[in-house]
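This report considers side-chain packing, aromatic pairs and charge–ring contacts. The sequence and the structure are shown first.

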Amino acid sequence: TEYLKEFIDLAKAGKVYKPKSKIEYSLDTIKGYRTLLSKIEEFEREKYKLNQSNISAVFQSDFIDFFQDTGLKNSYIDKLLDCFKSFLENYLIASKNLEFPKYNIKQWINLDYDDSLSTYLSIEELTKLTYLDLSDKDEKWNIIRDVYCFNAFTCGMRVKDLMRLKEHNIVTKLVDGEKKHYLTFRQGKTGKPVKAPIPKIGMEILKKYDGKLPHLTSDVESNEILKKLGKMCGFTDYL
């Protein structure tokens, strides 16, 4: 845990980079390592302390059993273990030159879990949602609908990237004498830049807010309202 705390501090200061790159760790990734730290501390309080000699497939099994008993889903436990392996291999072994004699990645398993439901709206359905009459609903319903549709019609970014957008992320350039509008931002998870053209329907949405994109205040609340909006539109079939 002391090494992990050290790594988190270095990542926050921009002094360590993602493997084989000069890209700094994003705030979202650092948050993931903080979560890992809290889970390891919880495991150590209830089970045993981790050291170079007991990081093994047995530890992985103990870690899985412990957190399954606390009610965590297999998919979440898998993410924690992926984060742990990345920290172990890319920092403790590659940077700190520490040895883990019982660690063999080939012996570690991936947990079984149900795939998340993957579905999408067609252009026709998105258009229907965009122009759905919400005059009898609270203003936040309009905002959530408009932000979702704008995102879907442009580049479908991750919700955390979406919630970080500012006015400067929307740019206008003159191309062959015609104004073109773009959405530009850097992905929080990968650090890679994105430049996506904003279509006409996306500009219509922005004009409702004086050229600015309204902000979501809660992704959880937004998901719940989107489900209700889908029912209002009659979206009940899964593809």
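Which residue lies over the face of Tyr 182? In this predicted model, Lys 195 takes that place, at 4.5 Å from the ring centre. A further contact of this kind involves Lys 137, whose charged end sits over the ring of Trp 141, 4.6 Å from its centre.

Two of them are set out below.

| Aromatic pair | Geometry | Centre to centre | Between planes |
|---|---|---|---|
| Phe 43 and Phe 63 | tilted | 5.8 Å | 40° |
| Phe 66 and Phe 67 | edge-to-face | 4.8 Å | 80° |

The pair of Phe 43 and Phe 63 links distant parts of the chain, since Phe 43 belongs to helix H2 (residues 27–46) and Phe 63 to helix H3, 20 residues apart. Phe 43 is buried at a relative accessible area of 0%, and Phe 63 is buried at 1%. Phe 66 counts as buried at 13% relative accessibility, as does Phe 67 at 0%.

With 3% relative accessibility, Gln 60 is buried. Its side chain reaches the backbone oxygen of Ile 109 at 2.9 Å. Beyond four places in sequence, Gln 60 touches Leu 81, Trp 108 and Ile 109.

In helix H5 (residues 123–130), the buried residues are Leu 126, Leu 129 and Thr 130. They lie on the same side of H5, because they cover an arc of only 100° around the axis. These buried residues pack against helix H6 (139–154), helix H8 (200–207) and helix H9 (219–233).

Conventions. Residues numbered from 1 in each chain as written. Predicted model: local features only at pLDDT ≥ 70, side-chain atom pairs only at ≥ 80, totals over all residues. Heavy atoms only, no water. Buried < 20%, exposed > 50% of the residue type's maximum accessible area, 1.4 Å probe, protein only. Helix = DSSP H or I, 4+ residues; strand = E, 2+ residues; numbered from the N terminus. Arc of directions from axis to C-beta. Contact = heavy atoms within 4.5 Å. Polar contact = N/O pair within 3.5 Å; in protein donor to acceptor, adjacent residues only side chain to side chain. Phe/Tyr/Trp six-rings, centres within 6.5 Å; stacked < 30°, edge-to-face > 60°. Lys NZ or Arg CZ within 6 Å of the ring centre and 35° of its normal.
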